[in-house]
Amino acid sequence: MHTKFRALAVSAAATLLCFTPAVAQADNATPGACQDVSFPVSQGTLAGTLCLPDGPATAVMILMSGSNYNHVYWDFPYEPDTYNFRQAMNKAGYATLVADRLGNGSSSRPPSLSLTATATADALHVMVQSLRAGLAGNTPFAKVVTVGHSLTSSTSIMEAIGHHDVDGVLLTGYSHVLSVPDVLGVISSYYPAADDPGFAGRGYDSTYLVTRPGARAADFYGLNPDPRVVALDEATKETFSLTEYPDGLLATLPGETSLMTAPVLLVDGSHDRMVCGAGFAACADSATLQATESPFFPPATRLRTYVLPDSGHAINLAPNTRDYHAVVIDWMKSVVG
């Protein structure tokens with residue numbers, strides 16, 4: 001999966017899926033190598049790529065992208081020393097599992113109206129347990145951290161409060177002070193994937209959606225993005241279903257995160273229209289974001305926040321994203337060593 005730049009679908013699975021144990025699609029991974037893995041579910045198969053660092057690893061990070069994105073968001077092929085989050089974590093000594101939700105990327109594509117955030121959270125739990133048990137014949141990981149972006153920050157919260165089986169949760173593109181007008185503005189940029197030149201004729205049902213060509217710049221990139229990053233992001237954009245949003249948005253309401261017990265790092269871009277509130281006020285700096293979000297998290301989470309200057313919603317695609325990588329690595333050392 002990590003070698004494919006064009007992915008063709010969206011999201012999770014129906015709320016009442018019955019998940020079965022994960023199975024591998026490749027031989028055991030060796031240090032420094034990546035291997036494709038899969039997780040069979042009642043509606044198809046979730047696809048993922050497990051990558052190991054060069055040395056021994058006792059901790060693994062599960063990376064799932066939100067709506068509008070697939071695995072490319074975490075494993076960006078252009079100038080990887082700058083933009084590739086997965087590679088940065090592997091170099092820091094952590095294993096990674098980059099996973100596509102059902103209907104997304106290399107995973108199966110069920111009917112779009114069957115996709116929910118709840119099912120994505122259920123699938124994430126299966127991945128956590130599989131990694132702890134020894135996924136694809138690899139040594140079991142002692143520490144598992146979930147990493148979400150936007151919608152999958154919500155599903156990471158849902159998994160964490162439902163099972164309390166992770167050692168840390170990294171939330172990006174997330175807050176409790178969503179700007180409703182800006183969220184609705186982003187939604188207004190969606191149209192049927194079947195009408196998009198990149199997806200037309202590929203069998204998408206009428207309720208799979210995608211951003212209109214050129215619409216992503218206003219919502220996702222922030223200040224001064226690299227035009228080549230923008231072009232590649234447009235070429236690898238992803239479809240999704242609005243049915244993923246209702247239960248996913250519940251995790252942005254007061255009360256949900258108060259049930260979390262694992263350490264949390266929350267990262268937003270200073271120019272994220274959707275999560276920073278009116279005038280980007282909540283993301284003025286890291287201290288402001290900390291003060292804004294602290295009331296929603298219990299002491300056990302040891303909440304830490306970081307605001308990436310000039311970044312929009314797509315933090316991984318900001319020119320200064322390496323600063324965010326450094327913060328994540330520092331936090332990981334404090335959480336899992």
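Reader: Where is Arg-302 found?

Author: Arg-302 is found in the loop between helix 9 (286-293) and strand 11 (304-308). Helices (H or I, at least four residues) and strands (E, at least two) are DSSP runs, numbered from the N terminus. This is a predicted model, in which local features need pLDDT of at least 70 and side-chain atom pairs count only at pLDDT 80 or more, while totals for chains, interfaces and linings use all residues. Residues are numbered from 1 along each chain as its sequence is written, and side-chain values use heavy atoms, with hydrogens and water left out.

Reader: Is Arg-302 buried or exposed?

Author: Arg-302 counts as exposed, because its relative accessibility is 51%. Buried means under 20% relative accessible area, exposed means over 50%, and partly exposed lies in between (1.4 Å probe, protein chains only). Its phi is near 45°, a positive value in a residue other than glycine.

Reader: And what about phi of Asn-224?

Author: Asn-224 is not a glycine, yet it has a positive phi of about 55°. Its place is in the loop between helix 6 (217-220) and helix 7 (227-235). At 67% relative accessibility, Asn-224 counts as exposed.

Reader: Changing topic, how many residues of strand 7 are buried?

Author: In strand 7 (residues 168-172), 5 of the 5 residues are buried. Gly-168, Leu-170 and Thr-172 point one way, whereas Val-169 and Leu-171 point the other way. In a regular strand, side chains alternate between the two faces of the sheet.

Reader: Which strand does strand 7 pair with, and in what sense?

Author: Strand 7 pairs with strand 6 (residues 143-149) in the parallel sense, over 5 bridges. Two strands pair if DSSP finds at least two bridges between them. Within this pairing, Gly-148 stands opposite Leu-171 in strand 7. The chain crosses from strand 6 through helix 4 to strand 7, and this β-α-β crossover is right-handed. That term applies if, with the strands pointing away from the viewer, the path from the first strand over the helix to the second runs clockwise.

Reader: What is the bridge partner of Leu-171 in strand 10?

Author: The partner there is Leu-266. Strand 10 (residues 264-269) and strand 7 run parallel and are joined by 4 bridges.

Reader: How many residues line the largest pocket?

Author: The lining has 24 residues, and Ser-150, Leu-151, Tyr-245, Leu-249 and Met-274 lie nearest the centre of the pocket. Helix 4 (151-163), helix 5 (180-187) and helix 8 (245-249) are the elements that give two or more residues to this lining. Helix 5 gives the most, with 4 residues. A pocket is an open set of points on a 1 Å grid over the protein atoms alone, where a 1.4 Å probe fits, with protein on both sides within 12 Å along at least five of seven lines; lining residues have an atom within 4 Å of a point.

Reader: What about aromatic pairs: how many are there in the whole structure?

Author: A search of the whole structure finds 11 aromatic pairs. Phe-199 and Tyr-204 form an edge-to-face pair, because their ring centres are 5.5 Å apart and their planes stand at 85°. Rings of Phe, Tyr and Trp (its six-membered ring) pair if their centres lie within 6.5 Å; planes under 30 degrees apart count as stacked, over 60 as edge-to-face and the rest as tilted. Phe-199 counts as buried at 1% relative accessibility, and Tyr-204 is buried with a relative accessible area of 7%.
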